Amino acid sequence: MNHVWWRTHLRKLPELGFLAQFGNFEEVDEYLPFLTEVLDLPVGARVLDLGCARGSFSVRLAQWGYQVTGVDDSEALLRLAREEAALREVEVELRHADPRELPERGVFDGALMLDFGAASDADNAAMMRAVASALTQGGRLVFGTCNPYYWARAPRTEHRTIERTDVVQRYQFDFESGCLVSRVRCILPDGARRVLPEARYRAYTLPELRALTAATGLADLRVYGEDEDGRPSPGGRADNLRTPFLHCVALKPVTGESGEGI
């Protein structure tokens, strides 16, 4: 799921330049079995993809027969999403909007927020509250976030080659803010170097996640781990030492009961 955490870096860029060539559907396809199982929705259900970025998940879900609305505040990423939808001849509503504010109330059967934690605490709560309001009763939100227990142990550096470009990503945990700080340097095939804007991800502990979901109108939080290849596993529990990212599912209560609010 490393590609999901690129979104915050890319949203800071008015134009993507050489980064527009990055991205494929392989990791999306690896995630979809988990996603469709935990959402448990029939074909034709309405799904919200909040922070849809370049639209990989939105497009794939539309290909699988869901009615998808993708929302992002990056017009540069949405342009790529529209191109992907047109290329694959699927209909997806792609909306350039503030993810903290959704006009819908009780209309979506399920929702995704796969790079949750990329904003301030107040904005993260506002987005979760907006999703909770937009879900139907019994609808589920699937969201991903960083595992602080894993990332706080030591800094990490990852090196990958994507489209003949060397990508070096450095992770370091900021204890004072509880954030994972990500810095990325790209070395192009001609030797030129590009440094992306820094990204910060709020890494919530499990008690914090339970309090946050309850206070924003959601319930029944479930947290899943990953298999050996980094794919989320519906049957696997999160391991605090070996699970980099937490894969979470929360429910919009059928009774309409919610927390006190944040």
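These notebook entries record what I looked up in a predicted model.

**Entry 1**

**Entry 2: Val142**

I next listed what Val142 touches, leaving out residues up to four places away in sequence. Among its contacts are Tyr31, Phe34, Leu35, Val38 and Leu39. Others on the list include Ala111, Leu112, Met113 and Leu114, as well as Cys248 and Val249.

**Entry 3: strand E5**

I turned to strand E5, residues 135-146, and asked how many of its twelve residues are buried. The count is nine, and I therefore describe the strand as mostly covered, with buried meaning under 20% relative accessible area. E5 pairs with strand E4 (residues 108-113) in the parallel sense over five bridges. In E5, Arg140 stands opposite Gly110. With strand E13 (residues 245-251), E5 pairs in the antiparallel sense over seven bridges. Here Gly144 stands opposite His247 of E13. I also noted that E4, helix H5 (residues 121-134) and E5 make a right-handed β-α-β unit.

**Entry 4: aromatic rings**

My search of the whole structure returned nine aromatic pairs. One of them joins Tyr150 and Trp151 edge-to-face, with 4.9 Å centre to centre and 80° between the planes. Why does Tyr150 count as buried? Its relative accessibility is 8%, which is under the 20% limit, so the residue qualifies. Trp151 counts as buried because its relative accessibility is 3%.

Trp151 also forms a tilted pair with Phe245, at 5.8 Å centre to centre and 50° between the planes. This pair links distant parts of the chain, since Trp151 lies in helix H6 (residues 148-151) and Phe245 in strand E13, 94 residues apart. Phe245 is buried too, because its relative accessibility is 5%. Finally, I recorded one aromatic cluster formed by Tyr31, Phe34, Phe57 and Tyr224.

**Entry 5: charges over rings**

Arg46 lies over the face of Phe108, 4.8 Å from the ring centre. The charged end of Arg202 sits over the ring of Tyr204, at 4.5 Å from its centre.

Definitions and conventions. Residues numbered from 1 in each chain as written. Predicted model: local features only at pLDDT ≥ 70, side-chain atom pairs only at ≥ 80, totals over all residues. Heavy atoms only, no water. Contact = heavy atoms within 4.5 Å. Buried < 20%, exposed > 50% of the residue type's maximum accessible area, 1.4 Å probe, protein only. Helix = DSSP H or I, 4+ residues; strand = E, 2+ residues; numbered from the N terminus. Pairing = 2+ DSSP bridges. Right-handed = clockwise from strand over helix to strand, strands pointing away. Phe/Tyr/Trp six-rings, centres within 6.5 Å; stacked < 30°, edge-to-face > 60°. Lys NZ or Arg CZ within 6 Å of the ring centre and 35° of its normal.
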